[in-house]
Amino acid sequence: MASVPATMKGVIIEKNGGTEVLQYKTDLPVPKPQDGQILVKNDFLGINFIDTYFRSGLYPPPSFPYTLGREASGTIASLGSSNTLDFAEGDKVVWMDVGAYAEYSAVPAAKAIKLPSSIDPKIGAAALLQGLTALTLVREAYPVKKGDWILVHAAAGGTGLWLVQLLKSIGANTIGTASTPEKIELAKKAGATHMLNSSSEDIKAKVLELTSGQGVAAVFDGVGKATFDVSLDSIARKGSMISFGNASGAVPPVTIARLSPKNLRLMRPQLFGFVSTREELEYYAKDLFGFIEKGGLDVRVHEVYPLSEVARAHNDLEGRKTTGKLLLDPSK
Ligand code: NDP
């Protein structure tokens with residue numbers, strides 16, 4: 001194992017705001033792994049929409065300076081003094097925690113998983129957080145059954161493409177939405193049964209038409225503010241509204257009585273509520289790796305951006321210019 005340097009490249013924010021608050025540095029101190037932690041030399045960093053929430057202040061960071069980023073793949077460079085599970089220096093891992101936008105991250109061993117040698121580190125970083133989100137949504141938030149009609153917003157996005165592919169494997173009928181013909185084509189190829197153009201079509205009317213006036217059994221809605229009402233209107237009696245994100249802004253407070261005319265369930269899940277224990281993380285990661293190793297599942301990488309161009313990546317994601325996963329290369 002190469003020796004660990006004293007300083008590294010990384011991105012910090014010292015206040016909330018637009019992409020101008022992202023500061024690329026080349027002289028940040030390399031963290032020291034504490035008890036129970038491993039030091040990972042990151043290969044690829046996954047960008048997730050949540051990174052933009054912590055940057056903008058929609059979700060306030062606990063303190064400043066703050067390092068964004070929730071997941072990465074990499075190699076273990078060193079171990080904390082104890083409680084590092086069965087990890088060893090040189091192991092290839094993927095991990096989900098905080099502080100990923102850097103060349104090195106000290107993360108709790110319990111938040112890392114060994115990456116099978118059959119999976120490329122680029123694919124590992126691209127798949128982890130969004131793949132696990134989609135898996136837990138279709139298994140636990142609303143356990144999807146063969147033949148169910150399901151509505152997925154932003155179906156060509158990172159999480160959306162995972163949802164579409166998993167729903168196809170279950171045998172559900174997926175109605176997806178996306179804002180451009182190119183995105184619509186991509187989600188169709190990934191397995192959406194029907195795609196609707198969210199820029200030009202009446203989503204509620206089309207959903208009711210496709211479902212013989214019944215509506216869908218569940219909506220997986222990561223768009224939030226802009227789609228909440230149309231999502232509720234598109235659900236069948238006794239259906240489930242799974243509101244799992246805020247890409248268009250936070251959903252305003254909801255009057256609970258709105259659920260009663262159709263006996264709807266409303267859930268606002270977060271991934272870390274489903275993979276909270278070590279057992280849960282290992283269970284779902286094993287399934288995720290299994291899906292990838294079996295093949296037939298496309299882990300689409302939109303672009304690997306140099307870490308120094310993180311602002312361009314955030315602008316592209318928030319500007320709805322991307323499909324699939326955005327990654328950062330921490331060495332550039
Ligand atoms: P995506 O790759 O899906 O990008 C977001 C997409 O949302 C855009 O491409 C765009 O697709 C659509 N969109 C609609 N309106 C807007 C808007 N006003 N601004 C920006 N985008 C918009 O991102 P992710 O896969 O990273 O995340 C998708 C959602 O899932 C986010 O809300 C995220 O927070 C949530 N999420 C939640 C998790 C949880 O644990 N609860 C875990 C992971 C993700 P189009 O142009 O086709 O409409």
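Asn-263 is exposed, its relative accessible area being 53%, where exposed means over 50%, buried means under 20%, and partly exposed lies in between (1.4 Å probe, protein chains only). The model is a predicted one, in which local features need pLDDT of at least 70 and side-chain atom pairs count only at pLDDT 80 or more, whereas totals for chains, interfaces and linings use all residues. Residues are numbered from 1 along each chain as its sequence is written, and side-chain values use heavy atoms, with hydrogens and water left out.

**Backbone geometry**

Asn-263 sits in the loop between strand E12 (235–243) and strand E13 (265–267); helices (H or I, at least four residues) and strands (E, at least two) are DSSP runs numbered from the N terminus. The phi of Asn-263 is positive, near 50 degrees, in a residue other than glycine. Ser-212, likewise not a glycine, has a positive phi of about 50 degrees, and Ser-212 lies in the loop between helix H5 (203–210) and strand E11 (216–221). Ser-212 is exposed as well, with a relative accessible area of 65%. Most residues other than glycine have a negative phi, and most peptide bonds are trans. A cis peptide bond, with omega about -5 degrees, joins Phe-64 and Pro-65, and Pro-65 belongs to the loop between H1 and strand E4 (71–79).

The protein chain is divided into domain 1 (7–115 + 300–329) and domain 2 (130–272), with bounds that come from an automatic or database domain assignment. Taken over C-alpha atoms, the centres of domain 1 and domain 2 are 29 Å apart, and 14 residues of domain 1 are in contact with 17 residues of domain 2, contact meaning heavy atoms within 4.5 Å.

The shell around the ligand draws at least three residues from each of domain 1 and domain 2. There are 28 residues around the ligand, of which Thr-159, Ser-179, Lys-183, Gly-222 and Leu-271 come nearest; a residue is near a molecule if one of its heavy atoms lies within 4 Å of it. By class, the shell has 11 nonpolar, 13 polar and four charged residues. Helices H1 (49–56), H2 (121–141), H3 (158–170) and H9 (310–318) each supply at least two residues of this shell, and H2 gives the most, with three residues.

| Residue | Polar atom | Distance to a ligand oxygen atom |
|---|---|---|
| Ser-179 | side chain | 2.5 Å |
| Gly-222 | backbone | 2.6 Å |
| Leu-271 | backbone | 2.6 Å |

Taken alone, the ligand exposes 900 Å², and the protein buries 89% of that, the accessible areas coming from the Shrake-Rupley method with a 1.4 Å probe, where for residues only the protein chains shown count as cover.

**Asp-329**

Asp-329 is part of strand E15 (residues 325–329). Is Asp-329 buried or exposed? Asp-329 is buried, because its relative accessible area is 13%. When residues up to four places away in sequence are not counted, Asp-329 touches Asp-43, Val-304, Tyr-305, Pro-306 and Leu-307. The side chain of Asp-329 also makes a polar contact with the side chain of Ser-331, at 2.8 Å; a polar contact is a pair of N or O atoms within 3.5 Å, and within protein one must be able to donate a hydrogen and the other to accept it, while residues adjacent in sequence count only if both atoms are side-chain atoms.

Note on methods:
Nonpolar A, V, L, I, M, F, W, Y, C, P; charged D, E, K, R; others polar.
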